[in-house]
Amino acid sequence: MKLKSFKCYKCSTTLIFPLGNYCSNCGVYITPFHGLHVRWFGIVFLFSILIGYVVSNDIGIYMSNIVLGCWIIFVVIRNRISFILVFGAIPRGYNWFSLVFLVIFGVVFSVGTIPLTWYPISRIDPELVNEILSETISDSRVNLFIFIVLMAPVLEEIIFRGIIFTRFSLKWGNKKAILVSSLIFGILHVDPIGATVFGVLTCILYIRTNTLIVPIVLHSMNNGIAWLLSNSSEMQSFNPEELLPVSLVAIVLSLPVLIFILRRWWPLLGHNTPYQLNKQQNDLREYF
Ligand SMILES: [Zn+2]
């Protein structure tokens, strides 16, 4: 283990010990995330996309998911991150029904923003937009279910909330970390606005419950609806201009509810990451 000197993020004392210990001056817990460089994820992500294109069948999609999985394993082992602390435990007494409510308004909003987002581009190149929006990841219904309802929620929640959000939060605090990690998550989706808002909601759920299980379930439900919708023939040709009125109605119906939820949750966000809180919980359990 290579020892590096670094400054405590709270009291700025220079420390020389492996990350994942308590500051000898102020006692704050220095997580192993302080040694993590998120920028590498960009390269890994591009590589996984490239594989999906080169091996242009379902095996390619499996391979690109495996690349992302390997990056998670590499990051966790190399930085000595405790995966258990990232993941958290099943919350007791959690109101799972509230997720149904959240997912309905989230999906209506996301679907509503798609025609609006792509409309300006479709005025320049309608063919391209139609191609992007009607393209399916897999022709097999079963494989599509495995990819978007099972694999994507688990991998994406671990990467964007478990790793990237946590790293950013230790650098900039919860609120800025939520916005930046959700924007990155958003631009990688065909519905950037909807996906960014979805990212914000899942980050908040992660902070409130200290477990990735709740965001994964929400993500899975959300993608489950997308999986059901992708079966309908209406998705085969997608004309943003025709859908614009429906799009606006969907946004007008869902946006006030999402704003209400965010205004209620946003001020309640604390300063700690789930990783730090789970660490505290674990230490207490060991102590008593
Ligand atoms: Zn300190």
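How many Å separate the centres of domain 1 and domain 2, taken over C-alpha atoms? The answer is 36 Å. Domain 1 covers 1-30 and domain 2 covers 88-275, with bounds from an automatic or database domain assignment.

This is a predicted model: local features need pLDDT of at least 70, side-chain atom pairs count only at pLDDT 80 or more, and totals for chains, interfaces and linings use all residues. Residues are numbered from 1 along each chain as its sequence is written.

**The core**

- The largest nonpolar core has 47 residues. Such a core is a set of buried Ala, Val, Leu, Ile, Met, Phe, Trp, Tyr and Cys residues joined through C-beta atoms within 7 Å.
- A residue is buried if 20 or more other C-beta atoms lie within 10 Å of its own, exposed if 12 or fewer, and partly exposed in between; C-beta atoms are placed from the backbone.
- Ile164, Phe165, Leu201, Cys203 and Ile204 have the most contacts inside this core.
- Helix H8 gives the largest share of this core, 10 residues. Helices and strands are DSSP runs numbered from the N terminus (helices: H or I, at least four residues; strands: E, at least two).

**H6 against H8**

- H6 and H8 pack at an angle of about 65°, and their axes are 11 Å apart. Axes are lines fitted to C-alpha atoms, for helices over the stretch in contact, and angles run from 0 to 180 degrees between N-to-C directions.
- Glu157, Phe160, Arg161 and Phe165 of H6 meet Gly199, Thr202, Cys203 and Tyr206 of H8. Two residues are in contact if their C-beta atoms, placed from the backbone, lie within 7 Å.
- Cys203 touches Arg161 and Phe165, and also Ile178, Ser181 and Ser182, not counting residues up to four places away in sequence.

- H9 has 17 residues and reaches 24 Å from its first C-alpha to its last, close to the 24 Å expected at 1.5 Å a residue. The expected span is 1.5 Å times one less than the number of residues.
- Buried residues of H9 include Val214, Pro215 and Ile216. The buried residues of H9 pack against H4, H6 and H8.
- H11 (residues 274-287) has 14 residues and reaches 20 Å, close to the 20 Å expected.
- Pro274, Tyr275, Gln276 and Asn278 are buried in H11. The buried residues of H11 pack against strand S4, H3, H6 and H8.

**Trp40**

- Trp40 sits in helix H1 (residues 39-54).
- Trp40 is exposed because it has 12 other C-beta atoms within 10 Å.
- Trp40 and Trp71 are 31 residues apart in sequence, and 9.4 Å apart in space, C-alpha to C-alpha.
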